[in-house]
Amino acid sequence: MEARKTVIITGTSSGVGLYAAKAMAKRNWHIVMACRDIEKTQKAAQSVGIPQDSYTIIPVDLASLGSVRYFVQNFRATGRTLDALVCNAAIYMPLIKEPLRSPEGYELTMATNHLGHFLLCNLMLEDLKKSSSQPRLVILGTVTHNPNELGGKIPPRPDLGDLKGFAEGFKDPITMADGKKFEPVKAYKDSKVCNILTMRELHRRYHESTGIIFNSLYPGCVATTALFRNHYPLFQKLFPIFQQRITGGFVSEELAGERVAMVTADAEYAQSGAYWSWGNRQKKDRQSFVQQVSPQASDDAIARRMWDLSENLVGLTPVSSPAIAR
Ligand code: NAP
């Protein structure tokens, strides 16, 4: 019998990550749940029926770079070989007026969604390289990263500008990647652009030399998850109904989790550098396709500069990236 493979999934205490863990357990993988609340994660795993021997929970706070490094140490101490990494955890804080800060002083949404995962991906490359199967690294994207898509047209639109905020260190008083005024919804969208740029740059730098498959996906509009817990209660009530009855974009948490598992484990998705989507209108038997990402998320110069500046922010290397000529 083939040995059980191991996947690390961040943010499995609810929503897409929890159901992705369930779908990976059904594929007979062992799941390392990288979460900040062990008790909550344990209860969540039990509530969806993930067998106890299919998972291990290792704590991590993705907003804290120190915690990410400690997580990697703890994972290595288990002696497991890593076959896939899924960067899924995220926060969305649409109503806050002032930025929150990570332990290292960075704006919290970008720190959690992008910088923590950026460091984790870089550190775990060594582990993925040791896998005897063809390892994969998956980063969750979203439609709102792309102003060319209907779901991405609603303002504020994402825009990293020339990454002035990153270049200036991203600590107080800097709150946004482009160095402009704090805008919490844009902070989320910007972080998702960085997620896709990270996937594309990982692919460009490491796919050929390591064989690792790097990909990303838009799982559909999963309007019932806890991602919207910081929105107005009325929005939380009406958003799923709107997505189900009006736009037809609604996807259940179970189906979204299954899509993550497909991109992480199934043979049809063994394509590196791809951004998978099932479109916005979720008709029955919807087929997946590789979708074009936004103009900014496809921009190689921005990808390289974002990479260099992020390396500096997470303490991987000193930066020497020239500003982008326009
Ligand atoms: P969710 O239910 O709120 O799940 C987010 C997960 O991230 C939770 O497990 C949460 O843990 C974890 N998390 C948040 N901050 C963390 C931190 N500092 N350290 C460690 N874990 C942390 O939201 P979701 O909708 O499933 O979102 C999952 C992914 O899908 C995100 O990347 C999101 O951008 C993407 N996505 C979602 C949708 C959608 O419509 N919902 C659409 C497209 C893409 P706690 O329980 O501790 O808070």
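Is Phe-170 buried or exposed? Phe-170 is buried, with a relative accessible area of 1%. The model is predicted. The points below cover the ligand site, the salt bridges, a surface patch and the backbone.

**Ligand site**

- Ser-14 places a polar side-chain atom 2.8 Å from an oxygen atom of the ligand.
- A polar side-chain atom of Arg-229 lies 3.0 Å from a ligand oxygen atom.

**Salt bridges**

- Arg-27 and Glu-258 form a salt bridge in which the closest N and O atoms are 2.7 Å apart.
- Arg-27 lies in the loop between H1 and strand E2 (30–35) and Glu-258 in helix H8 (residues 253–265), so this pair ties together parts that are 231 residues apart in sequence.
- Both partners count as partly exposed, Arg-27 at 25% relative accessibility and Glu-258 at 29%.
- Arg-205 forms a salt bridge with Glu-201, with 2.9 Å between the closest N and O atoms.
- Arg-205 and Glu-201 are 4 residues apart in helix H6, and are therefore separated by about one helical turn.
- Glu-201 is buried at 2% relative accessibility, whereas Arg-205 is partly exposed at 29%.
- Glu-201 and Arg-205 also belong to a network of salt bridges that links them with Arg-204 and Asp-308.
- Another salt bridge joins the side chains of Glu-168 and Lys-164, at 3.6 Å from N to O.
- Glu-168 has a relative accessible area of 45% and is partly exposed; Lys-164 is also partly exposed, at 39%.

**Surface patch**

- Leu-234, Leu-238 and Ile-241 make a nonpolar surface patch of about 270 Å².
- Leu-234 belongs to helix H7 (residues 233–247).
- With a relative accessible area of 58%, Leu-234 is exposed.

**Backbone geometry**

- Most residues other than glycine have a negative phi, and most peptide bonds are trans.
- The peptide bond from Pro-155 to Pro-156 is cis, with omega near 0°.
- Pro-156 is in the loop between strand E5 (136–140) and helix H5 (164–167).
- A cis peptide bond also runs from Asp-172 to Pro-173, where omega is near 10°.
- Pro-173 lies in the loop between H5 and H6.
- Phe-170 is found in the loop between H5 and H6, and has a positive phi near 60° although not a glycine.
- Asn-28, likewise not a glycine, has a positive phi of about 65°.
- The loop between H1 and E2 holds Asn-28, which counts as partly exposed at 35% relative accessibility.

Methods:
Residues numbered from 1 in each chain as written. Predicted model: local features only at pLDDT ≥ 70, side-chain atom pairs only at ≥ 80, totals over all residues. Heavy atoms only, no water. Polar contact = N/O pair within 3.5 Å; in protein donor to acceptor, adjacent residues only side chain to side chain. Patch = residues over 30% accessible without salt bridge, like charges linked within 9 Å, V, L, I, M, F, W, Y side chains within 5 Å. Areas by Shrake-Rupley, 256 points an atom, 1.4 Å probe, with all protein chains shown as cover. Salt bridge = Lys/Arg side-chain N within 4 Å of Asp/Glu carboxyl O. Helix = DSSP H or I, 4+ residues; strand = E, 2+ residues; numbered from the N terminus. Buried < 20%, exposed > 50% of the residue type's maximum accessible area, 1.4 Å probe, protein only.
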